[in-house]
Amino acid sequence: MKRRTFLIGSAVAAGGLAVGYRMWSGSFEARAAALVAGKGESLLAGWIKIAADDTVTVYIPHVDMGQGSHTALAMMAADELDAAWPRVRTARAPGDKAFANRFLARGWIMQGLSVPSFLSGTVDMGFAEAARFINLQITGGSTAVRFTGQAGLRIVGAAARVMLLRAAARRWDVPVAELRTADSVVSHDRSSRRARYGELAAEAAGLSVPSTPTLKSAKDFRIIGRSVPRLDIPGKVTGETVYGIDLRLPDMRYAAVMAAPVHGGTLTSVDPAPALRIKGVERVLPFKDYVAVVARGYWSARKGLAALKPVFSDGGNGAASSATLQAQHERVFDAGDARSLHERGDAAQALSGRHVEATYHVPFLHQAPLEPIAGTARFRDGKLTVWAGEQDALGSTALLARLTGLDAADIDLVTMPVGGAFGRRSATSGHYLGQFAEIARAMAPFPVKTIWSREEEFAQGAYRPQVASRIRAALGADGRPTAWSQVFIHTDGINEAFSLPYAIASQSLRSVVSRTHVRTGSWRSVAHTQHGFYTECFIDELAHAAGRDPFEYRRDLLPQGSRERRVLELAARKSGWGQALPKGHGRGIALVASFGSVVAQVVEASLDAEGLPRVHRVVAAVDCGGVCHPDTAQQQIEGGILMGLGAAIGERITIERGMVQQVNFPDYPIMSMARTPPAIEVHFVASDAPWGGLGEPGVPPVAPALANALFAATGKRVRRLPVLKQAA
């Protein structure tokens, strides 16, 4: 394919782009319809169902975790469909390969590039096959709007509209070009005939899906770009939304569990008698590395578990601690056998002269979702059904197949709304699914709801890893960096290279593995949080060494006209950078590009009477290409800022004698209302860049911006998170 392909995002902004779309094989098409279309309902283009009463249901291959993506994706499909918004609904796509998210695969791999129309069908079929092969239906990585929406549901909506137009044209025997659509009605003005979508849907569903429907120009959007009421809010306000922990089934049993407190340990022995004396307790189930108590009610199960005194081994990890892990980091840094990820120029030679050097540390972090791990499982007739809030239905099904030895076709994972996840409920962290299945198999045919206590959730998490980075940079006579050499720690499975946005001639970026027995997993924004902290704190140190203003120093290292420079300048301008602050206050600035978006933040902070950071104001500037739902977009950035501040100020998981020390929220202070900054401002940059994500990019800049603000206020550098009282 030649490079004369072009950006979908740019073309969307310019308008009138025909994009590729092809229906998948007939068997998957029929299966999708059989799964979701009831009597009088028709499935168009595989993802949009239209009922006889004109109700339009858009199937969303992402789980609702409160991020508002269901509403945004429905807006994108409905706008292209010309649907009447009050009649639009959403539904979670079944966890079935018929609904594998090929749009995410296409968007991720193509990164906004289009293909010639004659190849579009073949390319789309390839992505469909790939998505089914790798069980792709994940929620994460800020992929919903920028990939599923832009590369998928907008196109699906446009294709379904064409199908409705063709159905009307056949019925009235008129050219399609003479028809128009608006508010779920097809009209032929010359004959004054009209037909509702619900009247045409059955005929339209029998037509072939157009391979290259044309998307609207941005100027023609009627729904995209408006802050319409979110579709998920009423159910959450009234309590009608049923989360995984809320599910009730006939004859249900409840299980409470306790696993080896040291990850990697095993259950050595347990006397079941004390638990069996508790009213309502039916079974005590010992497994390889945990014990479960099953009862008629959860409270009985909890009391039964509390009565036990299980003995666990430590798996040989009982001497490990946060301090020994940090010492291990220093050893691997000194060993000098890091793997090269990016080399440009001769960083080693340049670093032989005057240079600045620093090492930064970040701790294990817990996702701390408000809904603890919970799920219901039932074995019956050789088949397993699991009801749980999972970020990745197909991936979790594949994991269950590996853990149980069942065929994936004999497993039905019913995905429920999620009460917070931030990476905790992804398939790579879903070891708890094995518990659900084991306990249900032992209690068959009864369904069993397993609920982790908050204490179990803190002890058995899949944490953002404790890692570190060592950076050295040489400064030229003008104070600008001439060379940058960086080594960072990564753990198995968590390895994300990055590029520096700043113009530095010689660069050397390397990573090195430092293994731990502690279970690790994804945390909101994944590795961008630690890399943002490393880079943006160190560039601040270089500015100080050069005697330059931190904002001006960054700006001068960014290319003229770049997204990064525009965002940085907007954040500085909106924050009043350079203006006087109250005594004891300081401003810090940071810039991080992640998930297709660029975010700069300015934090104003001081220390309170106890020496803890007090944040007075956060100003964010964002270039995310386009914005679908302005209110939700702002809320996503605000939420990222608050989560990032909570982690920066006081959150950490520490290890002693191999075990997690934090027990519950009093030991793990997420951002409270009392410490929330009184002013948070979000400003979006007008941009024609491809659409980027919003759920995660708001997190990475805030920790370095806070650390830099505290340096401005106190003169003390913070190179280790959380900040706590280090600047006092």
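## Basis

Two strands count as paired if DSSP finds at least two bridges between them. Strands (E, at least two residues) and helices (H or I, at least four) are DSSP runs, numbered from the N terminus.

This is a predicted model, in which local features need pLDDT of at least 70 and side-chain atom pairs count only at pLDDT 80 or more, while totals for chains, interfaces and linings use all residues. Residue numbers start from 1 along each chain as its sequence is written, and side-chain values use heavy atoms, with hydrogens and water left out.

S2 (residues 48-51) and S3 (residues 56-60) are antiparallel and share three bridges. Within S2 and S3, Ile 48 is placed opposite Val 58.

On a 1 Å grid over the protein atoms alone, a pocket is an open set of points with protein on both sides within 12 Å along at least five of seven lines, and a cavity is a set where a 1.4 Å probe fits but cannot get out; lining residues have an atom within 4 Å of a point. Points are joined across faces, edges and corners, and a volume is the space filled by probe spheres set on them.

The second largest pocket holds about 540 Å³. Its lining has 23 residues, with Arg 31, Gly 95, Asp 96, Ile 411 and Asp 412 nearest the centre. Strand S17 (411-415) is one of the elements supplying at least two residues, alongside H2 (26-36), S16 (383-388) and H13 (393-404); S17 gives the largest share, five. By class, the lining has 11 nonpolar, five polar and seven charged residues (nonpolar: Ala, Val, Leu, Ile, Met, Phe, Trp, Tyr, Cys and Pro; charged: Asp, Glu, Lys and Arg; polar: the others, Gly among them).

## Cavities

There are four cavities of 30 Å³ or more. The largest cavity has a volume of about 100 Å³. It is lined by 13 residues, and Arg 464, Thr 529, Ala 647, Ala 703 and Leu 721 are the closest to its centre. Helices H19 (630-649) and H20 (702-714) each give two or more residues to this lining, with the largest share, three, from H19. The lining of the largest cavity comprises 10 nonpolar, two polar and one charged residue.
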